[in-house]
Amino acid sequence: MKLTGKKGKAKVGLNKVKRKLRTGRLLKLLLALFLFVSLVASVATYNVVAAYLADVPRFNPDVVVAPPESPFIFDRNGNEVTKLPGAENRIIVPLEQISPYLVQAFIAIEDERFFQHSGVDFEAILRAVFVTFREMDFGIQGGSTITQQLAKTAFLTHDKTVRRKVQELYLAFHLERTFTKNEILEFYLNMIFFDFNAYGVEAAARAYFGKSAADVTLAEAAMLAGIPNLPGRYSPRRNPEAAQSRQRLVLSRMYDLGKITQGEMAQAVEETERRIADGTWLTPPPQRTFPYFIDFVKSKVIEILRNIPGYEDSLYRGGLRIYTTLDQRVQRVAEETLSNDNLYRQRKVVAGQPVQPQAAVVVANPQTGHIRALVGGRQYEEDVQLAFNRAVAMTRPAGSVLKPIIAYAPSFEEGIAVPATVIDDAPAIWETGQAPWTPENYDDKFLGLVTARYAVAESLNLPAVRLFEQLGVEKGLAYAEQMGISTFVSPEQNRDKNDHGLGAVLGGLTDGLKVIDAAQAYAVLANRGVRTDLVAVLRIEDRNGKVLFEHTPRSEVVLSADSAYLMTSVLQDVVRTGTATRLRIGRPVAAKTGTSTGHLDAWLVAYTPDIVAAFWAGHDKNDDDVPAGGRIGPGFLNPIMIAAHEGLPVSEFTRPAGISPAIAVCRKSGKKPGPHCPPDHIVYDIFPHNRIPRDICDLHVAVEICRESGLLASEYCPAGSTVRRVFLNRPPYLTTDDRWVAGAGRFPADAGPLPPAAPCNVHTAAPPQGPPRDLSAAFQPDGTVLLAWQPAAGWPAGYLLYRQAPGQAVYLPLTADVITGLTFTDRTEAPGLYSYQVYAVSTAGVRSPAATVRVTVGYNGSGAPGSGSN
């Protein structure tokens, strides 16, 4: 039944109210459900976010303010040399020193709304979320702002996970609250990676284009801005085409944002293509500058920083400024010289090994200790982090280069010897407890009595060993260590094999000698006996200019100026007349050569008052026993020493007041020349005033010798039968036998006849008191000559007769035995002048002076005798 009227209308209204009530309850239910779901979602989200943030790295502003920065190396004049390469090659520069092109290029390609957002660009995030669901790839997509990238680079890993993204957003907000936009941009541009170990725009601009970030062009800026997104893909060195495509994208974004015009964009593309075509687009990959010197500096800086609290591991973190002693010009010449293949006698190349032979050199100022050049090899091994530096790390047999340091200079200082001291270069045997030690000279000869000066100049071994023995092994080693030799092995270190023996003076060291030690030791001689420690690092500053370290010179008197000068004077003779005559640098120079057995190692140390240089050449290993070439040192040191002295006035070695001018001495006795010293045995040498010789040479002696016996003339030797001879009365000596490697039967070169000690054994009694009297010669008709005489005084036992026939130069005996008569008939054979001598002979066989007579023998045309006279 259909309701009408007021009742029907009331019922319809009631139904409407009921429907509204049901709808309201539903809405409330839905709202409650929504709120519940939202709460659950919020709690879940909070828990997830809280879990993600539980291990977020601590926000440390210093990480972005002061990221790891490469240290800089400066030379002795304060000029920048290079950055010290490390784990991150970074050079921090302020935003004002970065090209506006670079700034705009990075903003355009990485974060165009950088100055509008507060660290997180939600529009970009929504785009990333859309891509995530569209591609069904739930790895994290792009959308990171520059602030987020800085947070990721400074604090996080590069993993693409939700956890990392949440932490990145959290840290980005912290960055925005802590720093200004410009500061964030500066930190970012100094931190990002550009491949090839270049971090930050400054290092990248230098690595790719050889210029500062302030000076890059638009084309270069767009290329650099495209790299960090995928450095391995967009580096122009690895993938030029992809890099150019990325560069064009950067330029297009800059144009879209109104940062450049279309013409500028086209010009940048044209510049890139043109420079690629002519090979000027990218700078060549950087080569390490002066790598051996820089490696040495690096090792020294690490040692220094270990002793500075708070900077122990800051070599590559603090942007240090390291000021060194490097002379770039001399270092360059040294490197070029050691790399010159023409200076080596041979060249051996084995795959994977350094070329052989090798070489090393150290050049320093002996007064300040400043190392001006240091090269540790013929070629630097670029493929290793730290190449073997032969100048400082290698030890090799020293040969004779240690003789002045370990024996001669200490002996001068101790008053044991002076340059004119005479030492016997003669065979000798030393008992070592094992096989007898019989050292030889390099040429297997013995020269006999020589001065210390000559022994050093000619690098003789026996005099050095004898002097070292006289000085004392311990004392010699102590002096050498004070002068700078650091490689001696003591008995405490190795009882069976150590350097406390006579062989050390000949370079027979257990571990060998370092090149830098040789330079240090000879610098003492160059610096008048004062050791000033060699140094390469003068000052270290942090990036803000705070001085962390400053070198304080350390000096110590090791030798007196007198002793140092005596040694220097001797070593000048090595260059003038000895083993280093090819060392010619246009100024006074002292030097010492050294070669190991078989010439496997070649040494040369040279110095002037201004420069000391130590050079070595040889093989890293002696497996092949290939000689380095003996005395090849001058060919290397000549150009290096000339370069090191460029611009310096010529300096003489100054003779101290305690040293005399040159004084004449006998080089066989070391004493003042005597009347019998041969002119070629007289030399001139210098002395300390208290060591000037006063005694007269007693080795050159004049002795009256009987001509017939060769023995000392006696009172019975007739007048005219003796002669005065000069002998070298040298000390006794050994003759080599089979204990010497070079063979038996050798003796000193000056081992001539000694003066006889025995009297004449021919004339042993008093002779007749005179010759025969009234000697006459008469030519006879039968062609004979009749000789007649009266008896000699003193009752002679008989007479001896001699004749000089025409054309004969000497008298020949007429009788084999003594005759007792007073006449003798001689049969002649040809005409001419005949001369006769008759001697009276005593019963002891002693002759009288001769009686002489002459007679002319003539024959007529028939051959019959003619006439004659006497």
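Which residues of helix 5 are buried? Select helix 5 (residues 146-155) to begin: 9 of its 10 residues are buried, where buried means under 20% relative accessible area, exposed over 50% and partly exposed in between (1.4 Å probe, protein chains only). The buried residues are Ile146, Thr147, Gln148, Gln149, Leu150, Ala151, Lys152, Ala154 and Phe155. Helices (H or I, at least four residues) and strands (E, at least two) are DSSP runs, numbered from the N terminus.

This is a predicted model, in which local features need pLDDT of at least 70 and side-chain atom pairs count only at pLDDT 80 or more, while totals for chains, interfaces and linings use all residues. Residues are numbered from 1 along each chain as its sequence is written, and side-chain values use heavy atoms, with hydrogens and water left out.

**First stop: the nonpolar cores**

Select Ile371, Leu525 and Leu637 next. These residues have the most contacts inside the largest nonpolar core, which has 127 residues. A nonpolar core is a set of buried Ala, Val, Leu, Ile, Met, Phe, Trp, Tyr and Cys residues joined through side-chain atoms within 4.5 Å. Helix 19 (residues 515-526) gives the most to this core, with 10 residues.

Centre the view on leucine 525. Leaving out residues up to four places away in sequence, leucine 525 touches Ile405, Ala409, Met483, Leu559, Ala564, Met567, Thr568, Leu571 and Tyr607; contact here means heavy atoms within 4.5 Å. Another core, of 54 residues, lies apart from the largest one, and Val93, Ile107, Ala219 and Met223 are among its members.

**Second stop: lysine 403**

Move to helix 15 (residues 403-413), where lysine 403 is found. Is lysine 403 buried or exposed? Lysine 403 is buried yet has no salt bridge, and the nearest side chain of opposite charge, aspartate 425, is 8.9 Å away. For charge, Lys and Arg count as positive and Asp and Glu as negative; His and the chain ends are not counted. A salt bridge is a side-chain nitrogen of Lys or Arg within 4 Å of a carboxyl oxygen of Asp or Glu.

Display the side chains of serine 400 and asparagine 461 as well. A polar contact of 3.0 Å joins the side chain of lysine 403 to that of serine 400, and another of 2.7 Å joins the side chain of lysine 403 to that of asparagine 461. A polar contact is a pair of N or O atoms within 3.5 Å; within protein, one must be able to donate a hydrogen and the other to accept it, and residues adjacent in sequence count only if both atoms are side-chain atoms. Beyond its neighbours within four places in sequence, lysine 403 is in contact with Tyr408, Ser459, Leu460, Asn461, Ala464, Val505 and Leu506.

How many salt bridges does the structure hold? There are 39. Select arginine 253 and glutamate 112, which form one with their closest N and O atoms 3.0 Å apart. This pair links distant parts of the chain, 141 residues apart: arginine 253 belongs to helix 11 (residues 240-256), and glutamate 112 to the loop between helix 3 (100-110) and helix 4 (122-135). Arginine 253 is partly exposed, with a relative accessible area of 27%, and glutamate 112 is also partly exposed, at 40%.

Continue to aspartate 424 and arginine 730, whose salt bridge has its closest N and O atoms 2.4 Å apart. Aspartate 424 is in strand 8 (residues 422-425) and arginine 730 is in the loop between strand 20 (722-728) and strand 21 (773-779), 306 residues apart. Aspartate 424 counts as buried at 13% relative accessibility, and arginine 730 is buried at 3%.

**Last stop: the aromatic rings**

The structure holds 17 aromatic pairs. Rings of Phe, Tyr and Trp (its six-membered ring) pair if their centres lie within 6.5 Å; planes under 30 degrees apart count as stacked, over 60 as edge-to-face and the rest as tilted. Select phenylalanine 106 and phenylalanine 194, an edge-to-face pair at 6.1 Å centre to centre with 85° between the planes. Phenylalanine 106 is in helix 3, and phenylalanine 194 is in the loop between helix 7 (181-191) and strand 4 (198-199). Phenylalanine 106 is buried, with a relative accessible area of 0%, and phenylalanine 194 counts as buried at 0%.
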